[in-house]
Amino acid sequence: MTGEQRRTRRKFSAEFKRDAVELVLTGGKSVAEAARCLGIYDSTLGNWVKQARIDRGQQEGLGTEERARLRELERDNAKLRMERDLRGELMSLLGEGVDRVTRYRCVDSGKADDFTVAAACRAAGVSTSA
């Protein structure tokens with residue numbers, strides 16, 4: 001697919017999603033009928049309906065708030081893992097009793113190319129402002 005042929009991902013407001021779900025749950029329409037009327041994929045509407053049922057306690061699964069918290073925890077965990085790995089990498093290069101100037105030089109020299117400067121500074125125990 002070329003750039004011209006790619007579809008842009010459509011964004012839907014919370015109100016639109018809520019109204020679409022209500023068409024199915026209380027409006028007596030099937031997912032396919034409601035999706036066709038709204039011009040969206042039935043799989044998209046089906047996902048919204050499933051999540052609404054979970055949020056209402058009508059179906060087993062992770063609620064919207066639980067999903068958001070899980071994503072946040074996964075991001076935090078990945079960040080901590082990266083910083084731990086970077087700290088190990090820096091300490092193997094520098095050793096434990098290295099002065100701040102040397103740590104700054106290590107961060108500056110790009111020894112930690114796969115990491116952001118802020119993460120490298122945190123792992124090296126130095127300030128990002130310097």
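The model is predicted, so local features need pLDDT of at least 70, side-chain atom pairs count only at pLDDT 80 or more, and totals for chains, interfaces and linings use all residues. Residues are numbered from 1 along each chain as its sequence is written, and side-chain values use heavy atoms, with hydrogens and water left out.

Start with the whole chain. It has 6 helices and 0 strands. Helices here are DSSP runs of H or I with at least four residues, strands are runs of E with at least two, and both are numbered from the N terminus. Read along the sequence, the pattern is α-α-α-α-α-α. The protein chain has 130 residues, and 23% of them count as buried. Buried means under 20% relative accessible area, exposed means over 50%, and partly exposed lies in between, with a 1.4 Å probe and protein chains only. The chain exposes about 9,700 Å², and carbon and sulfur atoms supply 48% of that area. Such areas come from the Shrake-Rupley method with a 1.4 Å probe; for residues, only the protein chains shown count as cover.

Contacts also say something about the fold. A contact means heavy atoms within 4.5 Å. Take the contacts between residues at least 6 apart in sequence: 43% of these join residues at least 24 apart.

Now turn to a pair of helices. Two packed helices are described by the angle between their axes and the distance between the axes. Helix 1 covers residues 14–25 and helix 3 covers residues 42–55. They pack at an angle of about 85°, with their axes 9 Å apart. The axes are lines fitted to C-alpha atoms, for helices over the stretch in contact, and angles run from 0 to 180 degrees between N-to-C directions. Helix 1 and helix 3 are therefore roughly perpendicular to each other. The cut-offs are simple: under 35 degrees is roughly parallel, over 145 roughly antiparallel, 65 to 115 roughly perpendicular, and the rest oblique.

Which residues make the contact between helix 1 and helix 3? Helix 1 brings F16, K17, A20, V21, V24 and L25. Helix 3 brings L45, W48, V49, A52 and R53. These residues divide into 9 nonpolar, no polar and 2 charged. In this count, Ala, Val, Leu, Ile, Met, Phe, Trp, Tyr, Cys and Pro are nonpolar, Asp, Glu, Lys and Arg are charged, and the others, Gly among them, are polar.

Stay with helix 3 for a moment. Q51 is found there. At 16% relative accessibility, Q51 counts as buried. Leaving out residues up to four places away in sequence, Q51 touches L62, G63, T64 and R67. R56 sits in the loop between helix 3 and helix 4. Is R56 buried or partly exposed? R56 is partly exposed, with a relative accessible area of 43%. Setting aside its neighbours within four places in sequence, R56 is in contact with E22 and L25.

Next comes the interior. A nonpolar core is a set of buried Ala, Val, Leu, Ile, Met, Phe, Trp, Tyr and Cys residues joined through side-chain atoms within 4.5 Å. The largest one has 11 residues: L86, L90, M91, C106, V107, A119, A120, C121, A123, A124 and V126. Helix 4 (64–94), helix 5 (100–108) and helix 6 (117–124) each give two or more residues to this core. Helix 6 gives the most, with 5 residues. A second, separate core has 10 residues, including A20, W48, V49 and A52.

A119 touches M82 and L86, not counting residues up to four places away in sequence. A123 also lies in helix 6, and at 3% relative accessibility it counts as buried. A123 and L86 are 37 residues apart in sequence, yet 6.2 Å apart in space, C-alpha to C-alpha. Just after helix 6, G125 takes a positive phi of about 75°.

L80, in helix 4, is exposed, with a relative accessible area of 54%. L80 and A123 are 43 residues apart in sequence and 9.9 Å apart in space, C-alpha to C-alpha. T102 lies in helix 5 and is partly exposed at 27%. The C-alpha atoms of T102 and A124 are separated by 9.9 Å.
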